[in-house]
Amino acid sequence: MEEATEMEIEEPKSKKFGLKNSIQTNFGNDYVFQIVPKDDWSSVAVSLSTKAVKLYSPVTGQFQGECKGHSDTINQISFSVSSSPHLLHSCSSDGTIRAWDTRTFQQVSCINSGASQEIFSFSFGGSNDNLLAAGAKSQILFWDWRNGKQVACLEESHTEDVTQVHFVPDNRNKLLSASVDGLMCIFNTDGDINDDDDLESVINVGTSIGKVGFFGETYQKLWCLTHIESLSIWDWKDSRNEANLLEARSLASDSWTLDHVDYFVDCHYPGEGDSLWLIGGTNAGALGYFPVNYKGAKAIGSPEAILGGGHKGVVRSVLPMSCLKGGPSQSQGIFAWTGGEDGRLCCWLSDDSTEINRSWISSALGMKSQKSRKKKRRNPY
């Protein structure tokens with residue numbers, strides 16, 4: 001990789017960060033869709049446009065194995081059931097939610113939603129932690145995941161594809177759904193579930209919703225990213241809008257003096273307080289972590305972390321290692337993993353690591369090592 005120019009490393013108040021590793025997941029034009037961690041962080045799972053999921057060590061980058069079986073696009077993956085930490089779940093446009101044993105990389109169960117029913121999102125929860133909810137074409141489906149039996153189908157709350165379903169972290173009987181129809185709905189999933197009795201509130205965002213997530217000390221706040229790159233912040237318990245940043249991309253671009261934000265990848269909540277970062281990217285593959293000020297004067301601040309020099313195209317997923325339960329010692333100085341449309345997985349080092357000048361790559365992948373490239377940035381955590 002070419003060296004960073006003087007202009008690229010002049011981001012104010014920044015520190016040195018390094019690209020530790022770049023893994024080419026495939027040898028074609030395949031995308032990385034999503035990167036998710038196992039509970040104990042012994043593995044990260046990576047969904048690909050090849051309809052497969054590959055597993056790697058998050059610390060060494062070593063390839064561990066591959067799960068194959070879906071016949072259409074994989075829309076979400078998650079290590080979802082704490083009682084079975086070795087199980088990885090995936091949903092797909094082929095209408096199935098599959099469970100994989102990551103010790104053998106074999107499929108161990110499959111729930112089929114029926115003919116021509118794409119599954120876009122899923123979540124495990126319920127007051128007894130026995131429910132599996134899924135977002136499909138204008139429907140929300142529920143199964144008892146312990147026996148695979150469907151227990152409910154909500155058909156009246158949304159009119160278009162349900163892109164997201166999430167059980168609320170501190171209220172496991174509450175389910176949030178979000179859709180292309182611009183609505184977010186909150187349901188109570190205790191007892192028999194139906195549209196008439198269990199729809200508690202509806203939030204009208206006004207445009208097609210791409211991603212949502214909970215944050216704040218009691219997870220009462222909700223962030224919402226739309227398909228037109230706008231960001232809104234809500235208090236979901238009383239359906240109150242706290243910020244509506246329709247021009248979020250322009251605001252982020254204006255605060256990033258060295259580049260222009262073309263899209264947003266995700267939001268990041270560090271797990272404490274009320275802070276929130278918006279992760280924006282460029283078509284050339286650079287990423288910025290932008291602090292969101294949703295109180296008082298609504299604004300998006302200058303990027304407090306910049307990841308540049310790793311990707312050559314649009315980035316689809318960011319896995320921050322700051323979420324690691326064991327803390328910095330267990331993460332061995334790794335700041336994040338990222339994956340994108342160039343088929344690459346990139347591992348980013350925080351500035352306290354001694355390995356910043358030594359790049360490496362898993363020999364199991366048979367790829368030549370890329371030169372490390374330094375960037376300067378601040379760690380927002």
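Which residue in β3 is the bridge partner of Val 36? The bridge partner is Ala 45. This is a predicted model, in which local features need pLDDT of at least 70 and side-chain atom pairs count only at pLDDT 80 or more, while totals for chains, interfaces and linings use all residues. Residues are numbered from 1 along each chain as its sequence is written, and side-chain values use heavy atoms, with hydrogens and water left out.

**The sheet**
- An open sheet of 4 strands runs in the order β2-β3-β4-β5 with antiparallel pairing; strands are DSSP runs (E, at least two residues), numbered from the N terminus, and two of them pair if DSSP finds at least two bridges between them.
- Its edge strands, β2 (32-37) and β5 (63-68), each pair on one side only.

**Strand pairs**
- β2 and β3 are antiparallel over 5 bridges, and in their hairpin, with 6 residues between the strands, Trp 41 has a positive phi near 60 degrees.
- β3 and β4 are joined by 4 bridges, and Ala 45 stands opposite Leu 55 in β4.
- In the hairpin of β3 and β4, with 3 residues between the strands, Lys 51 has a positive phi near 70 degrees.
- β4 (residues 52-56) is joined to β5 by 5 bridges, and Tyr 56 has Phe 63 in β5 as its bridge partner.

**Burial of β3**
- In β3 (residues 44-48), 5 of 5 residues are buried (under 20% relative accessible area; exposed is over 50%, partly exposed in between; 1.4 Å probe, protein chains only).
- Val 44, Val 46 and Leu 48 point one way from β3, and Ala 45 and Ser 47 the other way.

**Ile 119**
- Ile 119 lies in the loop between β9 (106-112) and β10 (121-125), and counts as buried because its relative accessibility is 0%.
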